[in-house]
Amino acid sequence: TVTGVQTCALPISVFSGVGRAEFVAWENTVNICENPHVQGLTAANVRWAFTDVTYVPRYMPLGWLSYAASCQVGGLNPIAHHAGNLLLHALNTVLVFFLTRRLLRLAAAHGGPVERDGTRVTWGAAAATLLWAVHPLRVEAVALASARIYVQAAALALACVLAWLRAQDAPSPSRRRQAWLAVSVLAYVASLLTYPIALTLPAALLGIDAFLLRRFAAGVLRGGGGRVWLEKLPYALAATAVAGVTLW
């Protein structure tokens, strides 16, 4: 059985060396070390995070507040910042496992008989998660202190998709379904406000609708297809707003 503890242990073991790392005089300098607006969680710093659009050419208020939280805990001790990145990556590894397992189950349900014990699906998801967790593309996100925005935005985007899938399990219409959809949209907005790496997520949800959930089986605009498009409207509006502010 693949447990959450075991899944967390892998990236923590592989990337444990970041605890001995210093700040890199690159993005860390402008984002953290020489940025007076993230040296602690003060009312002035919170206001700056949500209102400033000139310090860097991107709108990322929750990203700034994440740096400020680390400075609040450990000042400019790099261990506090690296530890936060590592713990978020460990959390993401768990989320990737559960999401991959869910998607594989959906694929198996439409592609052939599903095993009762789900062993193949579980270990397939574990193998995919292993490759994702230790892939060289994860190194910058975990080892560079100012790359906190990537792992934090990813965690919220993964939570968004998992909550959205939970909503699809609930009967429609129902309060439970609406509640999960609300959680999903809030997680998506928080992800975008951390760093806008998930702007195209609504398109990914439509892909799951079409190929795994078969919600367009009666046609793109018929048989409930219009409801599927309407459900993506809050995500599209959030992405458009954040992209617009960033471009401005």
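Start by selecting R138: setting aside neighbours within four places in sequence, R138 is in contact with F15, H89, W132 and A133, where contact means heavy atoms within 4.5 Å. This is a predicted model, so here are the ground rules: local features need pLDDT of at least 70, side-chain atom pairs count only at pLDDT 80 or more, and totals for chains, interfaces and linings use all residues. Residues are numbered from 1 along each chain as its sequence is written, and side-chain values use heavy atoms, with hydrogens and water left out.

Is R138 buried or exposed? R138 has a relative accessible area of 17%, so it counts as buried. The cut-offs are under 20% relative accessible area for buried, over 50% for exposed and partly exposed in between, using a 1.4 Å probe and protein chains only.

**Zoom out**

Show the whole protein as a cartoon. You'll find 12 helices and zero strands. The C-alpha trace spans about 55 × 40 × 30 Å along its principal axes. The radius of gyration is 20 Å, close to the 18 Å that the globule rule gives for 248 residues, so the protein is as compact as a globular protein of that length. (That radius is taken over C-alpha atoms, and the rule is 2.2 Å times the number of residues to the power 0.38.) Buried residues make up 45% of the 248. Among contacts with a separation of 6 or more, 71% are between residues 24 or more positions apart.

Next, colour α8 (residues 148-169) and α10 (residues 201-211): their axes come within 12 Å and cross at roughly 35°. Axes are lines fitted to C-alpha atoms, for helices over the stretch in contact, and angles run from 0 to 180 degrees between N-to-C directions.

**Into the core**

Now select V161, W164, L165, Y188, L201 and Y235: of the 28 residues in the largest nonpolar core, these touch the most other members. A nonpolar core is a set of buried Ala, Val, Leu, Ile, Met, Phe, Trp, Tyr and Cys residues joined through side-chain atoms within 4.5 Å. The elements giving two or more residues to this core are α5 (78-111), α8, α9 (175-194), α10 and α12 (233-247). α8 gives the most, with eight residues.

Click on Y235. Beyond its neighbours within four places in sequence, Y235 is in contact with C160, W164, L181, S184, V185, Y188, P202 and L205. Apart from this core lies another, of 16 residues, including W64, Y67, C71 and A145.

Back on α8, pick L158. L158 counts as buried, at 13% relative accessibility. Leaving out neighbours within four places, its contacts are N92, L95, V96 and L99.

Jump to P173, in the loop between α8 and α9. The peptide bond from S172 to P173 is cis, with omega near -5°. Then find R214, in the loop between α10 and α11. R214 isn't a glycine, yet it has a positive phi of about 55°. Why point these out? Most residues other than glycine have a negative phi, and most peptide bonds are trans.

**Last stop**

Finish on R227, in helix α11 (residues 225-231). R227 counts as exposed, at 52% relative accessibility.

Conventions: Helices (H or I, at least four residues) and strands (E, at least two) are DSSP runs, numbered from the N terminus.
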